[in-house]
Amino acid sequence: MTSTEQCDSNMNTRLLPINVDNIGKFIFEDPGRYFLGNWTLHLSETGQDAANLLQAAKQLQTSSSPLAFPTETVYGLGADATRTTAVAGIYRAKQRPADNPLIVHVCSLNQLRKLLMPSLGSPGKSAHENLQDPIPAIYHSLISRFWPGPLTVLLPLPRPSPLAPAVTGSLSTFGVRMPSSRLALALIHLANVPIAAPSANVSTRPSPTTATHVLHDLSGRIELIIDGGPCTVGVESTVVDGLSDPPVILRPGGVSIEMLRQCPGWKNVIIGYKDGVETSTPRAPGMKYKHYSPRARVILVQGPLSLKAVAGYIESAEKIGLAKTRTWIDEDLAVPGKRFLRGFSSQGRSSVFTISRGEAVGLHNNSNGSIMNHALQAVEADDHADTIQVSSADLGKNAASIAKNLFAVLRELDLREVEIIFVEAIDEAEGHTAAAVMNRLRKAAELQVQV
């Protein structure tokens, strides 16, 4: 299968709402170990949420059509990782390149150990009876600290492998994680199979953080979308390879390099990814191909973002988007009463206003504010003046909120049909998700400029 193969887009896609608080009760054998120990789920016998969850789990067991479900990072497009036809449905729905491997999701360490050593699933056997843990020791400290959570580890592919070949993209390793979303864990537990799941979007597009985002991309391509509300992290998991020496970060995500270096055996972990598109065989998702890109052209601005800073790059665009953070400069908007913001409106995280094209040129060519008044007079004198529509969106005031809002803002600006999106860069050292945010932006950007 190649990325150019088309998917049957005639499916009836349904949204299935599930409130995880209403599905039943999680029972932990060792409450101190939480989901890392043995646990079970006592489903509620009343209410629609538990019934919807059972319906979704049954589809994972029996159908070759993947379903979308929420995790703490982004919405995933999941299928039984052991069935070839089910995994093929992921690639078909996403139009995903066949050499781009998938991440496997598990709900417990026992499930992972049985995947690595299928004999543990034999009657009378348990993971605790095995003298040698099949999970490499280098990962024990990471699992204890970061699982369940936004961390994917690379493991040797067992021989023979129970995973469908397409999961690994012909690699001798596979990536696996335990999500912290209780809804995702409950779904995997009830399906009783490991779930292969990339982000639930069309390949190259921004990852989805709400069920509505998934519906926009995959309506007609899949049968079911579980609506469990918005994701809390907003960027994908960190992917690490502890099988190499020194250990390597293959993709930045919800766990930072500083956090990894605090764990035994990971003090010397190094960065093994590039922020641009790579040409070699990808060892992990997100490495080789263009990702996270809206339809609009993305320009990454290094330095304080303002209309004055970007005016020289607007060219002939009639609609532009500004994705701003806490360093956004409001000087360009400081006209009393904001009279030059014709058609100002506020919708969600963003606002929309218009300026004359002459004003934009003036901002670029004039270092003082006098041009603002001249442009204002021109707009007021001629209602048919050539204008530029500006959609200004707020990404957040810290790295965590920026990560959570990034993909949603890119999608929102795309829906406004802007031609260019100017995004303000952030300091990669300012928070544990900052490196992940900048990695995603550099992969999405067509141009990077310094102001």
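1. Contact here means heavy atoms within 4.5 Å. On that basis, residues 24 or more positions apart account for 71% of the contacts in the chain with a separation of 6 or more. The model under discussion is a predicted one. Its chain contains 13 helices and 20 strands, and 57% of the 451 residues count as buried.

2. The packing of helix α1 on helix α6 may be taken next. Helix α1 spans residues 48-62 and helix α6 residues 182-191; their axes lie 8 Å apart and the packing angle is about 55 degrees. Angles under 35 degrees count as roughly parallel and those from 65 to 115 as roughly perpendicular; α1 and α6 are therefore oblique to each other. The crossing in which α1 passes α6 is right-handed.

3. The residues that form this contact can be listed for both helices. On the α1 side they are Leu53, Leu54, Ala56, Ala57, Leu60 and Gln61, and these meet Leu183, Ala186, Leu187, Leu190 and Ala191 of α6. Sorted by class, the contact of α1 with α6 comprises ten nonpolar residues and one polar residue, with no charged residues.

4. The axes of α7 (residues 211-218) and α12 come within 11 Å, crossing at roughly 50 degrees. That angle makes α7 oblique to α12. Here the crossing of α7 past α12 is left-handed. From α7 the contact draws on His213, His216 and Asp217, and from α12 on Ala408, Arg411 and Leu415. By class, the contact of α7 with α12 has two nonpolar, two polar and two charged residues.

5. With residues up to four places away in sequence left out, arginine 411 touches Asn201, Pro206, Ser207, Pro208, His213, His216 and Asp217. Among these, His213, His216 and Asp217 are the α7 residues that take part in the contact with α12.

6. Helix α3 (residues 109-116) is mostly covered, with seven of its eight residues buried. The buried residues are Leu109, Asn110, Gln111, Leu112, Arg113, Leu115 and Leu116. They pack against both strands and helices: β6 (103-105), β7 (151-156) and β8 (173-177), together with α4 (140-146) and α6. Helix α6 is also the packing partner of α1.

7. Seven aromatic pairs are present in the structure. In one of them, phenylalanine 26 and tryptophan 39 are tilted, at 5.7 Å centre to centre and with 50 degrees between the planes. Phenylalanine 26 belongs to strand β2 (residues 24-28) and tryptophan 39 to strand β3 (residues 39-43), so this pair ties together parts that are 13 residues apart in sequence.

8. Phenylalanine 28 and tyrosine 34 provide another pair. Their ring centres are 5.1 Å apart and the planes stand at 35 degrees, so this pair too is tilted; planes under 30 degrees apart would count as stacked. Phenylalanine 28 is partly exposed, at a relative accessible area of 22%, and tyrosine 34 also counts as partly exposed, at 38% relative accessibility. Through ring pairs, Phe26, Phe28, Tyr34, Phe35 and Trp39 are joined into a cluster.

9. Alanine 425 sits in the loop between β19 (420-424) and α13 (434-444). With a relative accessible area of 13%, alanine 425 is buried. Residues up to four places away in sequence aside, alanine 425 touches Leu300, Val301, Gln302 and Met438.

Terms used
Residues numbered from 1 in each chain as written. Predicted model: local features only at pLDDT ≥ 70, side-chain atom pairs only at ≥ 80, totals over all residues. Heavy atoms only, no water. Phe/Tyr/Trp six-rings, centres within 6.5 Å; stacked < 30°, edge-to-face > 60°. Helix = DSSP H or I, 4+ residues; strand = E, 2+ residues; numbered from the N terminus. Buried < 20%, exposed > 50% of the residue type's maximum accessible area, 1.4 Å probe, protein only. Axes fitted to C-alpha atoms, helices over the stretch in contact; angles between N-to-C directions. Parallel < 35°, antiparallel > 145°, perpendicular 65-115°, else oblique. Left-handed = near helix turned anticlockwise from the far one by under 90°. Nonpolar A, V, L, I, M, F, W, Y, C, P; charged D, E, K, R; others polar.
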